[in-house]
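Colleague: I am new to this structure. Please show me how to read it.

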Amino acid sequence: MKKTLISTLVASVLLSGCGSDDNQVTSNATPLDVQTTFSARYIQTLPGKNQQAAAYIAPVEDAQYAAQKTQVRYLGQLEVTNVDTGAEQVFDWPVTQTVDADGNVTTTSHRALTLKPGTYDFALLLTTEGANPKQYLAKALGHEVLEGEQPAIEFVVEPNLGDTITNFDEIDYVSKLAFQWKAEELAGLNKPQFGLSVNGGDEQVFEINKETGLAEITMNVEPGEYTLSLRLYDGDLMVGQNEEDSTVNFVEGENAQTDIVPIQADVVFEVDEIKDRGTFAFNVPDVLIEEVGGLENLTLKATITAGGIEAQERVLDILDVNGSHIAKDMFETGGADKVGVYLAFYDTQHSQDLAELTPFTSCTTDVTVEANQTLGCKVALKRESIITNRILGTLRINAVNENWTPAEGADVLLNGEKIGVTGSEIGAGTFKTHLVAGEYQVEVRSGVSTAQDTLSIAPLSVENIPLTLVRNSEVGAGTFVELHTYRPENFFDHGATGDLNGDGNIDLALALEDNRVQIFYGDGSGVFPTSSLIDVAYPSTRIKIVDINGDGKNDLLMSASFKAENGGLMIYENKGDNQYTLRQTLEALAQSYVDQQSLEAVDINNDGNLEILASTSRTHFGIFKLNADNHFELNSTYSTDTARAIAVGDVNNDGYVDIWADSLLVNDGNGNFTFKNISLGSANIATVQFADFNGDEHLDLLATDWYDGETIVFTNDGFANFNTSHTVSTHNPDRNLPAVGDIDLDGHQDIVMMNRALDPTTGREKAALYRYIGNKHTDFTEHKIQSTTYPDKMLLADIDNDGDLDLIGLGFKVSVFKNTPTH
């Protein structure tokens with residue numbers, strides 16, 4: 001931290017409190033300790049955007065000359081006013097400011113002041129010598145001078161960025177620009193500086209005193225409206241600015257105010273209905289475009305990382321959309337709860353080879369895949385023209401996995417803070433940055449694999465660091481061990497997992513057969529120590545945990561069972577503290593009994609609102625949309641051979657969710673669907689669901705055939721054709737719904753399900769729990785899971801927060817299985 005030292009050279013001067021001769025020294029006069037501290041110190045002037053500004057254009061000072069200045073002399077005037085008598089006197093008050101090699105500032109006043117007892121007001125004007133003077137001013141009012149004491153008059157001088165003030169009487173009539181940069185708010189900046197430009201003129205840059213902060217600056221300009229460009233720097237990094245072209249009305253003698261906001265690229269995320277993909281739109285700040293001299297010179301590389309899928313790295317086109325600069329694309333989320341976003345901005349004016357370029361700025365943020373949202377991605381803009389005494393070194397990381405393949409899309413952390421991700425297609429597995437000399441702890445993370453190193457960066461050094469990511473030996477490898485069983489209050493038909501109480505841990509909701517829902521609350525260790533019961537309108541056979549109203553809290557969506565007098569849908573909104581309120585019931589299922597009705601909540605037209613898809617009979621399903629009264633109503637119905645088997649997902653990669661119901665229903669983008677006749681070769685399909693099993697970024701279809709006793713994956717050719725089949729199992733799956741997820745964290749989707757396999761000793765089918773480990777060729781290896789129960793419905797979720805998927809089996813009991821390492 002820089003220090004400011006104050007010293008005074010003594011030369012006796014007397015101001016009489018009763019109007020006596022100025023040079024008369026009286027016995028009761030009191031010497032004063034006059035201290036001068038600069039809240040902001042002028043450094044340099046930068047060229048403005050508008051060289052023909054109408055007012056307030058300061059000449060450009062040579063940056064190298066400014067950087068070499070170690071001493072600045074100020075011609076000062078000190079006005080002292082006796083409050084009791086009104087007597088005024090002005091003294092010459094020269095001040096010298098010296099800056100040493102470490103940036104410590106020493107301020108020396110070349111006069112001393114002796115006063116008779118009384119109450120005084122003080123005003124100080126300091127002006128630099130030379131052709132381009134800089135002025136500072138301060139006031140200290142109502143100081144009482146007592147005989148026998150030595151009061152300290154502490155001046156905190158602030159800059160005047162307008163015309164030079166020559167008369168103390170002008171001080172009361174000039175405008176002030178108010179700041180709220182307190183010392184504690186500046187503590188996070190190493191070298192706080194601000195730059196101000198008026199009406200597009202040159203930018204004057206001042207270093208801010210971290211110990212005093214900055215409360216205001218004087219704007220000695222003619223009254224009227226002015227366009228201000230205000231920037232906040234940390235050394236040579238621009239970290240904040242006021243809103244573009246902020247207009248301030250300076251009225252004589254009044255204060256104006258303008259606020260600083262972080263430089264940020266807004267990330268707008270529109271979640272796909274089944275949360276396997278989403279549309280990302282990036283709003284690029286204009287200041288980044290100005291930095292490279294135009295939109296044609298700016299290149300944005302976006303990298304999206306999510307557990308279970310490969311990093312997605314793309315160079316995006318930045319388009320001018322009604323004055324805003326937007327880059328937009330669809331990215332896979334892999335069904336993850338959270339995805340990482342890394343934006344790197346390149347100046348490609350002289351080279352298009354991003355692998356050899358270093359981004360001039362970048363930002364990282366995380367997106368929670370629950371609902372549509374807009375997030376700020378904070379960037380810091382390096383300004384080469386800002387004077388700095390830093391000499392940087394270069395760090396390039398080359399990260400590989402244990403199999404020596406490039407570790408693409410891995411998070412890079414420096415001293416515990418994420419600073420970017422390794423390249424995917426561009427400089428695969430590498431990351432490059434420039435650093436101040438010093439010691440650093442470097443860490444690279446990809447899923448459950450990490451690599452760490454400690455290194456020292458010297459000025460102008462180039463360090464190439466090879467890192468090999470090693471899998472965490474404590475993370476599960478898809479081997480399940482049964483740990484706990486829970487007996488609910490009644491029989492139940494279905495369950496769902498999600499965070500219902502907002503503590504970040506996975507909870508379990510069961511739809512009981514007696515007009516109740518039982519919620520088991522997870523503690524984050526794999527245990528559900530407490531539960532509660534919620535009364536609902538009807539017995540239910542299907543339950544979903546989803547944020548229906550977009551308030552950030554997960555709600556309950558249920559389909560009533562055939563036992564209800566008017567079977568239908570129930571929506572219970574989560575009010576917090578285990579309180580749920582019935583929002584709406586919908587009579588949808590009264591036409592006939594439907595076993596294991598399909599139920600989904602998706603945004604089929606990308607308008608930001610969820611629609612509900614539900615079975616309305618054995619052979620029909622309906623789409624329920626919000627009406628003008630914010631209630632769901634049946635909007636359309638579609639006929640199928642069986643409404644049990646419904647899946648949703650964007651199978652043709654057009655950004656809109658499609659539906660599988662015996663065949664494919666293709667979304668036209670407005671929520672209307674057209675049948676595309678695709679046959680799976682069986683009329684006895686019990687369950688279907690979409691997932692990308694071969695890693696080609698196209699959703700494939702998993703189907704169970706209860707009659708022929710098969711489980712099959714039909715791969716998508718990218719054009720929504722499912723002509724190639726891969727057998728997962730030839731055991732009878734009955735009507736059990738498999739669970740799909742990457743349980744061994746190898747990047748490929750696996751399957752867990754209950755099958756009925758032929759027991760060779762008895763010749764009869766016997767239920768058993770299996771896991772099927774997939775690979776990129778859509779081949780599956782079968783493994784039996786040891787279980788004391790026979791669950792027929794499976795749920796995968798990370799219930800112990802260790803980064804892998806655990807298993808919850810639902811049958812007569814709830815069985816909890818931990819995903820364990822191979823050892």
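Modeller: Start with pLDDT, the predictor's confidence in each residue, from 0 to 100. In this chain it averages 81, and 83% of the residues score at least 70.

Colleague: Over which residues is the pLDDT below 50?

Modeller: Residues 1–26 are one such stretch. Beyond near neighbours in sequence, the model gives this stretch 67 contacts, a contact being heavy atoms within 4.5 Å. Residues 51–68 also stay under 50, with 34 contacts beyond four places in sequence.

Colleague: What are the ground rules?

Modeller: This is a predicted model: local features need pLDDT of at least 70, side-chain atom pairs count only at pLDDT 80 or more, and totals for chains, interfaces and linings use all residues. Residues are numbered from 1 along each chain as its sequence is written, and side-chain values use heavy atoms, leaving out hydrogens and water.

Colleague: Is strand 66 buried or exposed?

Modeller: Strands are DSSP runs (E, at least two residues), numbered from the N terminus. Buried means under 20% relative accessible area, exposed over 50%, partly exposed in between (1.4 Å probe, protein chains only). Five of the five residues of strand 66 (residues 806–810) are buried, so the rest of the structure largely encloses this strand. D806, I808 and L810 point one way, L807 and G809 the other.

Colleague: Which strand pairs with strand 66 over five bridges?

Modeller: Two strands pair if DSSP finds at least two bridges between them. Strand 65 (residues 793–797) does so, in the antiparallel sense. There, K793 has L810 as its bridge partner.

Colleague: How many bridges join strand 66 to strand 67?

Modeller: Four, and these strands run antiparallel. I808 stands opposite V816 of strand 67. A hairpin of three residues links strand 66 to strand 67.
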